[in-house]
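Here is a short report on one protein chain.

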Amino acid sequence: AGISAAYYAKENNLPLTVFISPKTNPSKRSILEKTNAEIMIKDEPLTESLAFAQKLGAFHLRQSTSEVAPKGYHQIATELINQLGLERVTHNMAIFFPVSSGTSLIGTYQGFLEARKNGIDFKMPQFHAVQSQFIQPIAEEFDDDFKRKSSSIVDAIVPPLLPPRKDQVVETIQNTNGSGWVVMDDQVMNAHEWLLDNGLTTSFEGALALAGYWKAMEHNFTINVPVIMLTGTFYKND
């Protein structure tokens, strides 16, 4: 998110200060350092960035609390309807998201609701939230078949223990007969290797979503048209 914001800020001549953790993936930090953003390395980047913004009267860019952030994902629903066709969308489609705040999941769901309001008739796809064994405040509401771990290779899935949108995400999953899934690191690695073998270079977060689909199939979910959100770029954990 910081890298994306830095490029947009540069393109629009806007000042940007990005707060990151000392544990931030070195590959991501290296890319960020090549932008025009000012970088602050803090042990508690969220807390300190909020205090910094309040002190300067600056806008605090945080997807998980932004009221407009979900709107940016409405387009995903439109693209799925247009690219797959209503027949496939209606035929037991399920969408698997790697989830931190759940903003992309909620935004996509809202996009489908918007399509219905515009007169498009279809069966709502299942929505599935996939999280890692490191931290899983949303997925654990649906899945207790996992072992917790103090860290994970899926380093971009870092929701707070009480995500601001948790209730909304859980309600969306329940309304669409989806589920939440907690995936182990070895399952993520298997999914990542499968993706690479099939010419798909994506992040561990994307592999997490694929592994979540595999786990859903093991639990006998009826899914005829799976859609896996392969988000992010593959950054090596240096």
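## Ile 76 and its contacts

Ile 76 is in contact with Thr 108 and Met 229, once its neighbours within four places in sequence are left aside. Contact means heavy atoms within 4.5 Å. Ile 76 sits in helix H4, residues 74-84. Helices (H or I, at least four residues) and strands (E, at least two) are DSSP runs, numbered from the N terminus. Tyr 109 is 33 residues from Ile 76 in sequence, and the C-alpha to C-alpha distance between them is 9.1 Å.

## Basis of the model

The model is predicted: local features need pLDDT of at least 70, side-chain atom pairs count only at pLDDT 80 or more, and totals for chains, interfaces and linings use all residues. Residues are numbered from 1 along each chain as its sequence is written, and side-chain values use heavy atoms, with hydrogens and water left out.

## Overall fold

Nine helices and six strands make up the secondary structure count of the chain. The C-alpha trace spans about 50 × 40 × 35 Å along its principal axes. How does the radius of gyration of the chain compare with that of a compact globule? A compact globule of 238 residues would have a value near 18 Å, and the chain, at 18 Å, agrees. The radius is taken over C-alpha atoms, and the globule rule is 2.2 Å times the number of residues to the power 0.38.

Contacts between residues 24 or more positions apart account for 70% of those with a separation of 6 or more.

## Surface and burial

Of the 238 residues, 43% are buried. Buried means under 20% relative accessible area, exposed over 50%, and partly exposed in between (1.4 Å probe, protein chains only). The accessible surface of the chain is about 13200 Å², and carbon and sulfur atoms hold 49% of that area. Areas come from the Shrake-Rupley method with a 1.4 Å probe; for residues, only the protein chains shown count as cover.

Leu 196 lies in helix H8, residues 185-197. Leu 196 counts as partly exposed because its relative accessibility is 40%. Leu 196 and Gly 2 are 194 residues apart in sequence, with 26 Å between their C-alpha atoms.

## Charges and salt bridges

The chain carries 20 positive and 26 negative charges, and their mean positions are 4 Å apart. Lys and Arg count as positive, Asp and Glu as negative; His and the chain ends are not counted. Each charge is placed at NZ of Lys, CZ of Arg, CG of Asp or CD of Glu. How many salt bridges are there? The count is six, where a salt bridge is a side-chain nitrogen of Lys or Arg within 4 Å of a carboxyl oxygen of Asp or Glu.

One of them pairs Lys 215 with Asp 143, the closest N and O atoms being 2.7 Å apart. That pair links distant parts of the chain: Lys 215 in helix H9 (residues 204-218) and Asp 143 in the loop between S4 and H7, 72 residues apart. Both Lys 215 and Asp 143 are buried. Another bridge joins Lys 166 and Glu 141 at 2.9 Å, N to O. Here too distant parts are linked: Lys 166 is in helix H7 (residues 166-175), and Glu 141, 25 residues away, is in the loop between strand S4 (126-132) and H7. Lys 166 is buried at 15% relative accessibility, whereas Glu 141 is partly exposed at 47%. Glu 48 and Lys 42 also form a bridge, with 4.0 Å between the closest N and O atoms. Glu 48 is partly exposed at 33%, and Lys 42 is partly exposed at 28%.
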